[in-house]
There are 2 protein chains.
Amino acid sequence: MEYKFSDRVLTLKPSAIREIFKYAADPSYVSLSAGNPAPEAFPSKQLAAISAKLMEEEPILALQYSTTEGYPPLLQHLKEYMKSSRNIGTEDDGVLVTSGAQQIMDLFTKSILNEGETVICEAPSFIGSLNDFRSYKAKLVGIPMDTDGMNMEALEKALETEKNVKFIYTIPNFQNPSGITMSLEKRHRLYELAKAHDVMILEDNPYGDLYYEGEPLPSIKSFDTDGIVIYAGSFSKVISPGMRVGYAIGPKPVLAKMTVCKQGQDVHTNIWSQVLCYRFMTEYDFDAHLAGLRKIYTKKRALLLDLMEKHLAPYITWDPFNGGLFAWCHLPKGVDMMEFVQKALEKKVCVVPGTAFLTDENEPCDAFRINFSTPTDEQLTKGITLLGETIREMVEK
Amino acid sequence: MEYKFSDRVLTLKPSAIREIFKYAADPSYVSLSAGNPAPEAFPSKQLAAISAKLMEEEPILALQYSTTEGYPPLLQHLKEYMKSSRNIGTEDDGVLVTSGAQQIMDLFTKSILNEGETVICEAPSFIGSLNDFRSYKAKLVGIPMDTDGMNMEALEKALETEKNVKFIYTIPNFQNPSGITMSLEKRHRLYELAKAHDVMILEDNPYGDLYYEGEPLPSIKSFDTDGIVIYAGSFSKVISPGMRVGYAIGPKPVLAKMTVCKQGQDVHTNIWSQVLCYRFMTEYDFDAHLAGLRKIYTKKRALLLDLMEKHLAPYITWDPFNGGLFAWCHLPKGVDMMEFVQKALEKKVCVVPGTAFLTDENEPCDAFRINFSTPTDEQLTKGITLLGETIREMVEK
C-alpha cells in the first residue's frame with residue numbers, strides 16, 4: 001500500500017539531533033549531547049519506599065483508571081505549593097496534570113492554534129516544542145536572544161507585523177539550549193507586549209529550581225493578573241523524567257479545552273507516578289531535596305567552567321548560564337559549525353549542532369550545545385579536552 | 001482576556017456521559033456506567049514484587065528518560081508473543097508502545113487524516129475514539145451494527161459514496177458499547193473491501209482476551225498481508241489501566257510518523273510501567289493470568305444474565321455479548337431512552353444513554369449500556385433490580 005500521510009506530518013522531518021544520538025548511545029563515545037538528569041539526582045530510595053507502601057496498602061489506587069484532570073490530592077497540593085512558594089496561580093486559574101510537560105505544549109497548541117497561525121518563540125529554542133508546534137502547522141517566528149533573553153525590539157516588531165500570532169513560547173530560566181535567563185525587566189516587558197497585542201504566553205519552566213548563582217527571578221506567570229499565561233511545570237528534572245509527570249497552571253477555560261483534548265490523547269496521566277510525586281512532595285522535605293540537586297549541579301557546572309576556561313578559551317566563548325543543564329558555545333569566525341561537530345564526532349565526542357534548535361535549520365549558526373548533567377566528571381573532563389583539541393586543530397592548523 | 005480557541009476544539013463539546021459520571025462518583029448511587037476492570041482482576045501482588053525488585057536493583061532504568069518507541073525488551077517480546085500466539089505482525093510491521101491504546105487512535109489519526117477527511121466507524125462506537133477523531137476535524141460516518149458486526153452492505157455503500165475515506169475504525173471483539181463480536185466472514189469481507197478501496201483499518205482490541213463463551217476469532221490484523229491494518233493492543237483490561245500502557249503493531253512507515261508525533265506529545269511512555277508489563281508477561285504465566293480473568297468475568301456475566309432475565313425481560317432485550325465488559329440493552333417501542341435513563345437516575349442507578357456512542361448524538365436511539373465488571377455482585381443485583389422497577393413502572397403504568 002502506498003501510504004498517504006496528513007499534510008501536518010509531511011512537513012515533519014527527522015532532526016539532525018537524531019543522527020547525533022545514534023553515536024551518543026555508543027559507549028565508546030563521550031556524550032555531551034543528552035539532557036538527562038544525573039543518576040545521583042534521583043530520589044530513588046524515597047520513591048522505592050513510597051511505592052512499596054502504596055502497593056501494600058492501596059494497590060487499586062495505583063492501578064485503576066483515574067480522572068483526566070489528575071490525582072485530586074496532587075492537584076490541590078500543586079495549587080497551594082505553587083501559590084505559596086512561587087506566587088503562581090490565581091482564583092481564575094486551574095491545574096492540569098499531564099504526561100510530562102511536553103504534553104502541555106501539545107494540548108495548548110491543539111486547543112488554540114489553527115493551521116497556518118503563528119507562534120513566536122526564542123531563537124534558538126527547545127527542539128521538542130518547535131517540532132510539536134510544526135505538527136499543528138504553526139508558522140514559527142524566532143526572536144533572537146540577547147544574553148538577558150529575547151530581544152525586545154525584535155519581539156515588538158514581530159508582534160506588530162505578523163498576522164494571527166496566537167502565543168509566545170518562552171523558557172525564561174536557563175533556557176534550552178542557550179542557558180540564558182530572561183531579566184526581570186524583560187519579563188515585565190514581554191508580559192505587557194503580549195497583553196497589548198492580545199496574545200497568550202506559554203511559559204515553559206523545567207529548569208527554574210536548578211539555579212547555581214544568584215537568586216531565582218519571579219516567573220512571568222506570577223504577575224499574570226489578566227489570565228494570559230499558561231505555566232508549564234515539570235517533575236522531570238527534579239524527581240524523574242521516566243515517570244512523565246508535568247502540570248499546567250492557567251486560565252480555567254483554556255485548561256478545560258486542553259482537558260478534553262487530553263481525554264482523547266491518553267485519558268489520564270499514569271496514576272501510580274502521580275501518587276508518588278504527591279507523596280514525595282508532602283512526606284519528604286521537597287525544598288531540601290531541591291537544594292540537594294542544586295548542590296550536585298553547582299559542582300558539575302564549576303567543573304565545566306574550569307575545563308572550558310582551560311581547553312576551549314579563547315577560541316570558543318559561551319553565553320552566561322547560571323542554572324539548568326546546558327552551556328551554549330560559540331565558535332570563532334571562520335570555523336564552520338557543522339564541520340566542527342563532525343570533527344568532534346571523529347574524536348568520539350558528541351555535542352548538538354546549534355542549527356537543530358532554530359526555527360529554520362538552514363539558517364547560519366555559530367553555536368553548539370553542551371550538556372553537563374549527564375556525563376560523569378571523568379567523561380566531562382575527557383569530552384571538553386577533546387573539544388579543545390578539535391578547535392585548536394581547526395584554528396591553529 | 002477573551003480566549004480564541006482553535007476550530008478543532010470548538011466542535012468538541014462535553015459529552016452527556018460526563019453528566020452521568022458525576023452521579024456515578026456518589027457512593028449512594030449504584031454505578032453501572034463505568035468501564036473499569038474489577039478490583040480483584042489486578043495482579044497487584046505480582047506487580048508489587050516486580051516493582052520492589054526493580055527499584056532495589058535498577059532504579060535508574062525505572063526513573064531516567066527512555067526512547068520514544070518503547071522499552072526495547074518489551075517491544076521485542078510483544079513482537080514475538082503476538083506473532084506466536086495471535087499470528088499478528090509481519091516482517092514489514094513494527095511495534096510502538098504508547099501511553100494507553102487511546103494514544104494509538106490519536107497518533108494514527110494525526111499522522112494520516114487531514115481536516116475534513118472521513119473516518120468510517122461502527123454505530124454505536126467507543127466515545128473516546130469518536131471524540132478524538134472529531135478533534136482532528138474528521139467527518140465521521142457510522143455504519144449500523146448487525147448482531148454479527150458492521151452491516152457490510154452499508155459499509156460497501158459508504159466506501160463507494162464517501163469522498164476521502166482515510167480509515168475504518170473497528171472494535172471487532174465484544175465491542176464497546178454493544179458487546180457485539182464481528183463474525184469471521186465479515187472480518188474477511190471488511191479486509192477485502194478496505195483493500196479494494198485503498199483504505200486503512202484501525203483495529204482496536206482491548207477486550208479480545210476476555211471471552212467467556214466459544215473460542216476467540218482471529219484478528220483482522222492476522223490476515224494483513226498488504227500492510228493496511230494498524231492493530232491497537234492494550235494492557236488496560238488485562239494488567240492495569242492506571243499505568244497507561246498500550247501498543248500499536250502496524251506497517252513501519254506509518255509507525256515512524258506516529259513516533260515523530262509521539263515525541264512531540266509526551267516524549268515516551270512511562271518507563272517504570274513498561275518494565276512492569278514486560279516482566280509480568282515474561283516472569284509470570286501470562287496466559288494463566290488471562291484464564292483467571294476470564295473466570296472472574298464469566299461469573300459476573302452469568303450473574304448479569306440471570307438478573308436481566310429475571311428483572312428486565314421481556315421488556316428490555318440485549319445484543320449477544322460473549323465477552324468484554326458491557327451489555328447493550330434495547331428498550332421497548334414507545335419508551336423514551338433518555339426518560340428511562342433519567343428515571344433510573346432518580347432511583348439512584350446510573351447507566352450510559354446510547355446516544356453518547358453515536359456519531360450524531362441527536363439521532364434516535366433505543367439503547368443504553370450496562371457495565372458488569374466494576375460493580376460488586378451486590379451492587380449489580382441492586383442495580384438491575386432497580387432498572388427492572390424502572391421499566392415496569394414506565395410500561396405497566
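How many salt bridges does the rule find across the interface of domain 1 of chain A and domain 2 of chain A?

Mentor: The rule finds two salt bridges across that interface, a salt bridge being a side-chain nitrogen of Lys or Arg within 4 Å of a carboxyl oxygen of Asp or Glu. The model is predicted: local features need pLDDT of at least 70, side-chain atom pairs count only at pLDDT 80 or more, and totals for chains, interfaces and linings use all residues. Residues are numbered from 1 along each chain as its sequence is written, chains are lettered from A and ligands numbered from 1 in the order written, and side-chain values use heavy atoms, without hydrogens or water.

Domain 1 of chain A comprises 7-43 + 288-396, and domain 2 comprises 44-286; these bounds come from an automatic or database domain assignment. Their centres, taken over C-alpha atoms, are 25 Å apart. In contact (heavy atoms within 4.5 Å) are 36 residues of domain 1 of chain A and 41 residues of domain 2 of chain A. About 3400 Å² is buried between the two domains, 62% of it given by carbon and sulfur atoms; this is the accessible area (1.4 Å probe) that two parts lose on being put together, summed over both. Glu213(A) and Arg301(A) join their side chains in a salt bridge, at 2.7 Å from N to O.

Chain A also has an open sheet of eight strands, with mixed pairing, in the order E2-E9-E8-E7-E6-E3-E4-E5. Strands E2 (93-98) and E5 (149-150) of chain A are the edges, each with a single partner strand, so one side of each lacks a neighbour in the sheet. Strands are DSSP runs (E, at least two residues), numbered from the N terminus, and two strands pair if DSSP finds at least two bridges between them.

Methods: Helix = DSSP H or I, 4+ residues; strand = E, 2+ residues; numbered from the N terminus.
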